[in-house]
Amino acid sequence: MTDATHIPAGESLERLQCQWCQSMNEKAALACRACGAPLDIRNLVSESGWREAPRIRDMTEIHFSSSTCQVEGEIVPAAEINLGPGDSIFFEHHVMLWKDENVPMTILQLAGGMKRAFAGMPFIISVATGPGRIAFSRDATGELVVLPLHPGMELDVREHAFLLCSHQIGYSFVRIKGLTNILFGGQGMYMDRFITTGAPGLLILHGYGNVFERQLRPGESIMVEPGAFLYKDSSVTMQVEFQKLGTGFFGGTNMSLARMTGPGRVGIQSMYVHHRSE
Amino acid sequence: MFCENCGARVTDGGSFCAACGSRVKHEAAAPPMPAPAMPAPHAPPALVVHTAATKCSWCGAAIDAAIANCPRCGAALNLHGAVTRSGWAELPGRKDMAKLQFGNSFCQIEGKYVPVADMNLAPEDSVYFAHHVLLWKDPEVNITTMSLTGGWKRLLAGMPLIMTQAQGPGHIAFSKDDPGELIPVPLQPRQSLDVREHLFLAATGHVQYDWNQTGIWFRTRSGNDTETHYPVGMFMDRFSAPQTPGLLLLHAGGNVFVRDLPPGQNILVKPTALIFKDPAVQMHLHFERPSSMFSSWGYWSNRYLWLRLIGPGRVAVQSVFERLEGEGGNISSFSYATEQRW
């Protein structure tokens, strides 16, 4: 089975749609097959329109291609992947938790050859190919955000926030020039970009603290603390604006906020631990 | 249909939720699945206080027995407050998305690990906050620096602590960079609270801010160098509601426990674990060490350094605390302290 939305012939058509990823599930299912969101718990949407990322139950299994991902733990959840033969996933080196010895690893060839390093190691994207198991987690309390990507989707993600991505999805990164000097002391800030090609794929992020998503209407704006930005549809624009705070007394401090303008989804995290490329 | 309390799906016709056991209110027609990520139509109803049938165990507000959450502090009323055998009460269970009211404004508390305070400000209401806790806001909400008298001239991690103010109408949300709990403290008129510095998240415009020296310190000496340490901070924030009630939001690391000390009762706590205390609660240092050691304070670096809190009044502690600086040094002098040798 390659597509979670596929309905086998001869089965009852009574289906339950996942409110997080819109995949169809069997009526008796407790968790979405494609994203792990509990199906028996109502969405939590704040009055201001932010929706909490679904809290995935411990040990929930998610299916993609011929592989499965089991989500383990709740405070710093780990994603344990059981790769089917021929399936592969790519990820950054700092999120690896453990793997079977015989799972082959390679390096994803990136275009451009940009100079980008992280945590003292050159920035490389590794690829693991099935069959075998490999598990991932990050370094602080947070939530896994499971985003099944359908053809035609294009998602921008805060750098180093992605945990893993299935091989059907194209990866590139963009340097955000405008933000550079302002936010992070002159260091560059990159944004990862995930683009689906012909086939659907799976992208898993780790957001610090709690994760909230909001759908912006065309032209609708929201001001977000830049450190809270987690992901957005590429149709959403992001521009940094400042507000000069303080009188001469404090010597003046700038507060910068990112203006995000729709249409599209915006995801934020309620805590941030900034890791930057060097 | 879904349980009002925990959100779990309830089988049609059932009277109790299988997940949390609370009674299910049957609606005339079960609402359809809500559309994802659509803002709820906004029509804040005025807070109607019916005959006070019950009292919120956390903040003491008189509330209608029919509602599930205390409208002042968001505590879930149908959950039994967990109190340890020694008398510490856990911060009451709060339903995700619990809604609090202050003035004509509302505050929703969202999330579990690093909760967010999402304020919907009425045009006449304002909140103030330290600028680094801002998470997001509507573009229309204006932020200005508060004109403060000296008090805010304090340092937060080497950066000036700038107090900023947001005026309604509109949405603005706050969170802190720390897994823990958000503590709503509704302040009744003429009520004050002493809060350890840097735990403050936001307060409504009516709440007055002041600060006092804690008067709790000790000096360590190493060679000719003397260093002064402030185990509960050099200053303590005091928040007061003068005539009108106000809402104070704090954020503490880990879990939060509160107890009400009767007059004269003592408790020893880790100094860096203190979150807040009623102003009536007195505090001073307390040392504990084995009697077999040399008599000088300075000799043994493995002493225990406590903060003694003396009732009457409430005290709150957090389960995650910073390391106490200088605890193992040679203590040469200190503010008033008691001592016990085993």
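Let us start with chain B, which has zero helices and 29 strands. Chain A, for its part, has one helix and 25 strands. Please keep in mind as you look around that this is a predicted model.

How much of each chain is buried? In chain A, buried residues account for 43% of its 278 residues. In chain B, the share is 37% of 342 residues.

Contacts across the sequence are worth a look too. Taking contacts in chain A between residues at least 6 apart in sequence, 68% join residues at least 24 apart. For chain B, the figure for such contacts is 68%.

## A five-stranded sheet in chain A

Chain A holds an open sheet of five strands, in the order 4-5-6-13-8, and the pairing is antiparallel. Which strands stand at the edges of this sheet? They are strand 4 (60–64) and strand 8 (96–99) of chain A; each has a single partner strand, so one side of each is left without a neighbour in the sheet. From one strand to the next, the twist averages 20°.

Further in, you can follow one pairing residue by residue. Strand 5 (residues 67–72) and strand 6 (residues 78–83) of chain A are antiparallel and share five bridges.

## Strand 25 of chain B and its partners

Now turn to strand 25 of chain B, which covers residues 282–289. It runs antiparallel to strand 26 (residues 304–310) of chain B, and seven bridges join the two. Within this pairing, B:His284 has B:Arg308 of strand 26 as its bridge partner.

Strand 25 of chain B also pairs with strand 29 (residues 337–341) of chain B, here in the parallel sense, over five bridges. Opposite B:Glu288 you will find B:Gln340 in strand 29 of chain B. In general, strands of a sheet pair through backbone hydrogen bonds, either parallel or antiparallel.

## The largest nonpolar core

In soluble globular proteins, nonpolar side chains tend to be buried together. Here, the largest nonpolar core has 136 residues. Which of them touch the most other members? They are A:Leu203, A:Leu205, B:Ala117 and B:Leu250.

Technical notes: Residues numbered from 1 in each chain as written. Chains lettered and ligands numbered in written order. Predicted model: local features only at pLDDT ≥ 70, side-chain atom pairs only at ≥ 80, totals over all residues. Core = buried A, V, L, I, M, F, W, Y, C linked by C-beta atoms within 7 Å. Buried ≥ 20, exposed ≤ 12 C-beta atoms within 10 Å, placed from the backbone. Pairing = 2+ DSSP bridges. Helix = DSSP H or I, 4+ residues; strand = E, 2+ residues; numbered from the N terminus. Contact = placed C-beta atoms within 7 Å. Axes fitted to C-alpha atoms, helices over the stretch in contact; angles between N-to-C directions.
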